Amino acid sequence: MARGLAHLSDEALVALVARADEEALAELYDRFNRVAYGLALRIVRDPALAEDAVQEGFLAVWRSAARFVAERAKASTWILTLVHRRAVDLVRREQPRRAEPLESAPQQAGEDTEDEAWLRLRRARVQEALKRLPDKQREALELAYYGGFTQSELADRLGEPLGTIKSRMFSGLANLRDLLAEDDIEREQWKEPRSTS
Amino acid sequence: MERTEIHELSAAYALDALGPEELDEFERHLAHCEECREHVAAFQETVAELAYDTDAPAPSPALRNRVLADARREQPKVVAMPARRRWAFPVAAAAAFAAGCVALGLAFWASDLAQQLDDERAALHRADEVVIALSDPTSTRIPLDGADGILVVKPDSSEGWVLVNGLDEAPEGKTYEAWVIEEGEATAAGLFSGGGERTVVPLTEPVPEGAIVAVTVEEAGGVEQSTQDPIFISEQAA
């Protein structure tokens, strides 16, 4: 790449995108296209539709970069939020395609680049945290996030009052946040003796 | 809707699990509830981790081109200025540049700052911050008197940076020291050594409205109060 964009943070790239910098958009795409596509595919279950969701998500990045506030959120969170929203919109429009979202996509064996190793670690981390959530909370989060169900649809589907579903999602996310933070602390402690030995 | 109830909706909102009517209602609420905005922001960080539970297969290579083609088509709608003038500053700020101050050099600054600094990680973080500040149209930019450069101040946080072109490295045993001067009182705002084509100095003190920024040469290690004359100074108050 002609310019040194590879070394800029995601947030600085968004600031450049806000100034209509195409190269910065390309760099963001290169950083996030796989996780964005993987997420969209898990939701819409159709490669062409998943690509549409990613395309629309990045178009939203391009259009609304000027409104992104770096102090408020990480750029990666913001981008994945935009892609998720598009994927959920698409799957709600295409009701017949919506399949059971509970089992995750099959694990693919592939060559292990540094990026892939990192993505696998990231995945293992969130899977581990999800496993430790109470079953009903995990179910509510997974059906909502990967299944694209609204809270009212979830209440119908699970035969529970809407209020129960709301609190379940709230406690589920709060617990997941704590579990992920706990995991980070454990990893830090784990690293400590190794680096000093 | 009850207060606790609407609070709980921040989780469903972060998960994109609100129906159209609930979404409208909650977004209206968000517009004036700082507490809920904070909840949502925190939940969104957690929710984004869920996105990584996928084996992240690669999409078709053509998708990259589709994304970039979309952007190119939309270009004129994104910014009011012509696409080529990526780093053009507002007219008023440009007019304020003193004759001889190399405005063009400044215009290039932000876009190749990363390259200039790309082997120093700490410097890169600084580059990030200043790229963000420079690309924020609400930032204040004040030319320097006595050197080729500008003072950039973010209005919300009063964080400031001094950017200088072609500043000689400080002499052996000496350092440059930045000062924020407000109502006649100077506060030390960071040491730096200069040298190289471009120097980026993140100020360690906020630059409040009405303050000016000056730079002196001091003994290595810096001083808490200076008796030196500034070698350069911001042209006007921030």
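## Chain A overall

What does the accessible surface of chain A come to, and what share of it belongs to carbon and sulfur atoms? The surface is about 9400 Å², and carbon and sulfur atoms account for 51% of it. This is a predicted model.

Chain A has eight helices and zero strands. Along the sequence the pattern reads α-α-α-α-α-α-α-α. The chain has 197 residues, and 52% of them are buried.

## Helices α2 and α4 of chain A

One helix pair can be followed in detail. Helix α2 of chain A covers residues 22-44, and helix α4 of chain A covers residues 75-93. Their axes come within 9 Å and cross at roughly 35°. The crossing of α2(A) with α4(A) is right-handed.

Which residues make the contact? From α2(A) come A:Leu28, A:Phe32, A:Val35, A:Ala36, A:Leu39, A:Ala40, A:Ile43 and A:Val44. From α4(A) come A:Ser76, A:Ile79, A:Leu80, A:Val83, A:His84, A:Ala87, A:Val88, A:Leu90 and A:Val91. By class, 15 residues of this contact are nonpolar, two are polar and none is charged.

A:Ala20 sits in the loop between α1 (10-18) and α2 of chain A. Is A:Ala20 buried or exposed? Its relative accessible area is 2%, under the 20% cut-off, so A:Ala20 counts as buried.

The backbone here deserves a look. Most residues other than glycine have a negative phi. A:Ala20 has a phi near 60°, a positive value in a residue other than glycine.

## Chain B overall

Chain B has seven helices and eight strands. Its 238 residues include 48% that count as buried. The accessible surface of chain B is about 11800 Å², with 50% of it on carbon and sulfur atoms.

How much of the contact in chain B with a separation of 6 or more comes from residues 24 or more positions apart? Their share is 56%.

B:Ile142 belongs to strand β1 (residues 140-145) of chain B. B:Ile142 is buried because its relative accessible area, 1%, is under 20%. Which residues does B:Ile142 touch, leaving aside those up to four places away in sequence? They are B:Gly149, B:Ile150, B:Leu151, B:Ser234, B:Glu235, B:Gln236, B:Ala237 and B:Ala238. B:Gln236 is 94 residues from B:Ile142 in sequence, yet their C-alpha atoms are 6.8 Å apart.

B:Ser158 lies in the loop between β2 (149-153) and β3 (160-165) of chain B. Phi of B:Ser158 is near 60°, again a positive value in a residue other than glycine.

## The interface between chains A and B

How many residues of each chain are in contact across the interface? Chain A contributes 78 residues and chain B contributes 66. Together the two chains bury about 6800 Å² between them. Of that area, 56% is on carbon and sulfur atoms.

On the chain A side, A:Arg19, A:Arg72 and A:Phe170 supply 12% of the area that chain A buries against chain B. That is more than any other three residues supply.

Technical notes: Residues are numbered from 1 along each chain as its sequence is written. Chains are lettered from A and ligands numbered from 1 in the order in which they are written. This is a predicted model: local features need pLDDT of at least 70, side-chain atom pairs count only at pLDDT 80 or more; totals for chains, interfaces and linings use all residues. Side-chain values use heavy atoms; hydrogens and water are left out. Axes are lines fitted to C-alpha atoms, for helices over the stretch in contact, and angles run from 0 to 180 degrees between N-to-C directions. Helices (H or I, at least four residues) and strands (E, at least two) are DSSP runs, numbered from the N terminus. A crossing is left-handed if the near helix is turned anticlockwise from the far one by less than a right angle, and right-handed if clockwise. Contact means heavy atoms within 4.5 Å. Ala, Val, Leu, Ile, Met, Phe, Trp, Tyr, Cys and Pro count as nonpolar, Asp, Glu, Lys and Arg as charged, and the others, Gly among them, as polar. Buried means under 20% relative accessible area, exposed over 50%, partly exposed in between (1.4 Å probe, protein chains only). Accessible areas come from the Shrake-Rupley method with a 1.4 Å probe; for residues, only the protein chains shown count as cover. Buried area is the accessible area (1.4 Å probe) that two parts lose on being put together, summed over both.
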